[in-house]
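Here is a structure to work through by question and answer. Each reply ends on the value or name asked for.

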Amino acid sequence: MILRQVLELFDRLDTPSANGQEILDLFKSRGAHEVSLETVTSEKGSTDCIKILIKGSDGKSNGGHAKTLGIIGRLGGLGARPEVTGFVSDGDGALAALSAGLKLTEMNANGDILKGDIIIATHICPNAPTQDHYPVPFMDSPIDMQTNNEKEVDERMDAILSIDTTKGNKVININGFAISPTIKSGYILEVSDTLLDVMSRVTGKLPAVFPVSQQDITPYGNNLHHLNSILQPATATDAPVVGVAITTEQPVAGCATGASHPLDIESAARFAVEVAKGYGEGSISFYHEEEYQHLLKLYGDMKHFQTFGK
């Protein structure tokens, strides 16, 4: 159970004074090995970019060979003050990623040390702007997507779970969370069987997979429609990326308050923790390497989809 971590972090983030330093201090007090913080400012405002490293027993940070999992909390902002008051739906991705990170940090400090390293990355902004989007308004961000990727996508990550509120659409119609097919180097690959198994175990339900278009895995700013920013990390790395979408039956605006469902956030965070356990041990894979190499042999490199194109 990760509900305590979700509620504790929510109390710290649901305030106009939410900031990265408070979260950094919390993680350090619970035993995080390395926590970095950087405030990034633009004409739209500022946000605190935070990154947490939890070292594994055979992790690369200790000179080992176990793979490193990245857990990224995607969002525009935690709040849209002064336009609206309170924690917005868009903040669920950061809350889930940080909750998973806090649980993993506490596990490590208590002696349940995973084999591989874990890196948590997100940003904390209680007063982000909003933007028009169909069918419901989106949250904007004080930083552009390229900067966001630079701060959150780490070259040490061998695979990435990108957690993001994904409620402002008509194509995902469940309360809870759904995962994407694996995205790697411009390819939309098959859905990972091992991730589906983890999802079923965590939720006690049949797994849910959300649709991905080719446009969704191209960079923001190319005038193409994107479901949201959940798969933008895949434009900045060759590591496999899977989106973890926190979802609703009915479209909900990213700037809506009172729309965060703690049990759905907890399930997404618990899923990330369970993936972290298996990924470093090698029992969970994001894609089939042999099949991917065969794809490359048959159809060539697709990395141009990670760029702005012609």
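Q: Which residues line the second largest cavity?
A: This is a predicted model. Its second largest cavity holds about 30 Å³ of space. By class, the lining has six nonpolar, one polar and one charged residues. The residues are F210, P211, V212, D216, L227, N228, I230 and L231.

Q: What is the volume of the largest cavity?
A: The structure holds two cavities of 30 Å³ or more. The lining of the largest cavity includes I54, K55 and G56. Also among its lining residues are D112, I113 and L114. The volume of the largest cavity is about 60 Å³.

Q: Which element gives the most to the lining of the largest cavity?
A: That lining divides into six nonpolar, three polar and two charged residues. L104, M107 and N108 are among the residues that line the largest cavity. Helix α3 spans residues 92-110. With three residues, the element that gives the most is α3.

Q: At what angle do the axes of α3 and α6 cross?
A: Helix α6 covers residues 262-281. The axes of α3 and α6 come within 8 Å. Their crossing is right-handed. The crossing angle is roughly 45°.

Q: How many nonpolar residues does the contact of α3 with α6 have?
A: From α3 come D92, L95, A96, S99, A100, K103, L104 and M107. From α6 come I265, A269, A272, V273, A276 and K277. By class, one residue of this contact is polar and three are charged. The number of nonpolar residues is ten.

Q: How far apart are the axes of α1 and α2?
A: Helix α1 runs over residues 3-13, and helix α2 over residues 20-30. They pack at an angle of about 150°. The crossing is right-handed. The distance between the axes is 11 Å.

Q: How many charged residues does the contact of α1 with α2 have?
A: On the α1 side, R4, E8, L9, R12 and L13 make the contact. On the α2 side, E22, I23, L26 and R30 do. Four of the contact residues are nonpolar, and none is polar. The number of charged residues is five.

Q: What is the volume of the largest pocket?
A: The lining of this pocket counts 43 residues. M145, Y220, G221, S229 and Q232 lie nearest its centre. By class, the lining has 13 nonpolar, 23 polar and seven charged residues. The volume of the largest pocket is about 890 Å³.

Q: Which element supplies the largest share of the lining of the largest pocket?
A: β6 (138-139), α4 (145-152) and β7 (159-165) each supply at least two residues. The largest share is five residues. That share comes from α4.

Q: Which two residues does the cis peptide bond join?
A: Most peptide bonds are trans. Here omega is about 5°. P82 lies in the loop between β3 (69-74) and α3. The cis bond joins R81 and P82.

Q: What is the phi of S185?
A: Most residues other than glycine have a negative phi. S185 has a positive value. S185 lies in the loop between β9 (183-184) and β10 (187-188). Its phi is near 50°.

Terms used: Residues are numbered from 1 along each chain as its sequence is written. This is a predicted model: local features need pLDDT of at least 70, side-chain atom pairs count only at pLDDT 80 or more; totals for chains, interfaces and linings use all residues. Side-chain values use heavy atoms; hydrogens and water are left out. On a 1 Å grid over the protein atoms alone, a cavity is a set of points where a 1.4 Å probe fits but cannot get out, and a pocket is an open set with protein on both sides within 12 Å along at least five of seven lines; lining residues have an atom within 4 Å of a point. Grid points are joined across faces, edges and corners, and a volume is the space filled by probe spheres set on the points. Helices (H or I, at least four residues) and strands (E, at least two) are DSSP runs, numbered from the N terminus. Ala, Val, Leu, Ile, Met, Phe, Trp, Tyr, Cys and Pro count as nonpolar, Asp, Glu, Lys and Arg as charged, and the others, Gly among them, as polar. Axes are lines fitted to C-alpha atoms, for helices over the stretch in contact, and angles run from 0 to 180 degrees between N-to-C directions. A crossing is left-handed if the near helix is turned anticlockwise from the far one by less than a right angle, and right-handed if clockwise. Contact means heavy atoms within 4.5 Å.
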